[in-house]
Amino acid sequence: MNYPIQLSMFDYSKSYFLPVQALRDPAMEYVLNIESLYELLEADSETNGLSKTILFVEEQDRLKNTAEIKEVDGKQQIQISLNFCQFVWAVGLYMITYFDNYVQIPFMDAMGCNSHNRKANPMEMEFADDSFMRARFMLHKLNRESFFGIPNICDPQIFKEAIGHANGCFLGSLAMLFAHEFSHNLLAHTQHQSTPEKSVEEEKEADKMAVSLLLDALEGDNGYTLKAGIAILMCSLLLLGEDSIDGGSAHPHMDVRIDYVMNDLDLPQEDQLWGLVGSAIRLWLLVYGGYSIEEDMQ
């Protein structure tokens, strides 16, 4: 997992910004270059009233939204929270760095298969932990200034590998987020009022359709990075807070949703992405579920 896109130049002359803004345009260019997705988007804009414009919204207070479809000037428009994008990027950085340093390397050492003698990197973990903490503050209040001190994510001089992983996974996360919202329109969910019960089923349908729309890309050269990004998106939705596990009245329970989506990716049973989402669930349980460190160690 590294840089599967050519990163564009970003205007760093602003005083403060959300670092993920630098990835927004090249990431969407990658998403819309997924041929099957683009062709359907073109057709749907003609027949189902979907705007070709994707709007990124920067929330001025705490992070409240993820993505949604709103009617604007008689057309349905996909709107994505830039704040949530920053949160997803930080979750990707944190979860991959955590899993690599605290799960994969110790496991390889214990099994005697660490042939390259890889070592945990405490500085890298501290950077990932700090970035995740800054992102979690967004759940209460937006503070752009807090992100100003992190390395340039388009041209990182330090933590290049960790940032490269986060950038690559963000690409997959954004593709899934976009494909999910697009699927709601494609499946005509936006054409009627839904009850909470029906909305839960529609969310499952949109997840399944989104994965199917990305199928060609999932089997391509950067397919595994895309799968990792989808897993990171699921982790991010889970880690939004204490109430996120139940999905609310209009979404499936997050553990159920994660299970459905991960199974749709058709991963081998031993694939490390199962361990990645498992680590996110354990993290949620430790923070919000009354799960103790001692129980976790057992």
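Predicted model: local features only at pLDDT ≥ 70, side-chain atom pairs only at ≥ 80, totals over all residues.
Residues are numbered from 1 along each chain as its sequence is written, and side-chain values use heavy atoms, with hydrogens and water left out.

Of its 41 lining residues, K64, N65, T66, A67 and H251 are the closest to the pocket centre; lining residues have an atom within 4 Å of a point. Two or more residues each are given to this lining by strand 2 (67-72), helix 5 (160-186), helix 6 (196-213), helix 8 (223-238) and helix 9 (254-264), where helices are DSSP runs of H or I with at least four residues and strands are runs of E with at least two. By residue class, the lining comprises 13 nonpolar, 15 polar and 13 charged residues.

Strand 2 also pairs with strand 3 in an antiparallel arrangement joined by 6 bridges, pairing being assigned if DSSP finds at least two bridges. Within this pair, I69 has I78 of strand 3 as its bridge partner. The two strands form a hairpin with 2 residues between them, and D73 in the turn has a positive phi of about 50 degrees. Strand 1 (residues 55-57) runs parallel to strand 3, to which 3 bridges join it, and F56 is partnered by I80 of strand 3. Strand 3 (residues 75-81) is mostly covered, with 6 of its 7 residues buried (under 20% relative accessible area, with a 1.4 Å probe and protein chains only).

Terms used. 1 Å grid on protein atoms, 1.4 Å probe; cavity = no way out; pocket = protein on both sides within 12 Å on 5 of 7 lines; lining within 4 Å. Nonpolar A, V, L, I, M, F, W, Y, C, P; charged D, E, K, R; others polar. Buried < 20%, exposed > 50% of the residue type's maximum accessible area, 1.4 Å probe, protein only.
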